[in-house]
Amino acid sequence: MGKAKTFGAKIAHREKKENKCPVCGEAINYVKHYFSEKNNKHNVKYKNKMEAICNCNREDLFG
Ligand SMILES: [Zn+2]
């Protein structure tokens, strides 16, 4: 069956796709960062943003 074959190939492809930081050479992790944004007193919007984390900014983001 071709179905299982395709699924396995997709996973293998995903694992190979790894970004490395050109500055520190560490693999870059992407983390979803959630934050709220107040437009006015009754309206708070929740947004999320993908943050790229490596050796360069890990201390800035996590302390
Ligand atoms: Zn880096």
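Helices (H or I, at least four residues) and strands (E, at least two) are taken here as DSSP runs, numbered from the N terminus. On that basis the protein chain holds two helices and two strands, and its elements follow the order α-β-β-α from the N terminus on.

This is a predicted model, in which local features need pLDDT of at least 70 and side-chain atom pairs count only at pLDDT 80 or more, whereas totals for chains, interfaces and linings use all residues. Residues are numbered from 1 along each chain as its sequence is written.

The predictor's confidence in each residue is given by pLDDT, on a scale from 0 to 100. The protein chain averages a pLDDT of 80, and 71% of the residues score at least 70.

| Element of the protein chain | Mean pLDDT |
|---|---|
| helix 1 (residues 2–16), lowest | 60 |
| strand 2, highest | 89 |

Where pLDDT is low, the predicted coordinates should not be read in detail.

A residue counts as buried if 20 or more other C-beta atoms, placed from the backbone, lie within 10 Å of its own, as exposed if 12 or fewer do, and as partly exposed in between. Of the 63 residues of the protein chain, 0% are buried.

Met50 lies in strand 2 (residues 43–53), and this residue is exposed because 9 other C-beta atoms are within 10 Å. Leaving aside residues up to four places away in sequence, Met50 touches Tyr30 and Lys32, a contact meaning that the C-beta atoms, placed from the backbone, lie within 7 Å. Met50 and Asn29 are 21 residues apart in sequence, with 9.7 Å from C-alpha to C-alpha.

Technical notes
Contact = placed C-beta atoms within 7 Å.
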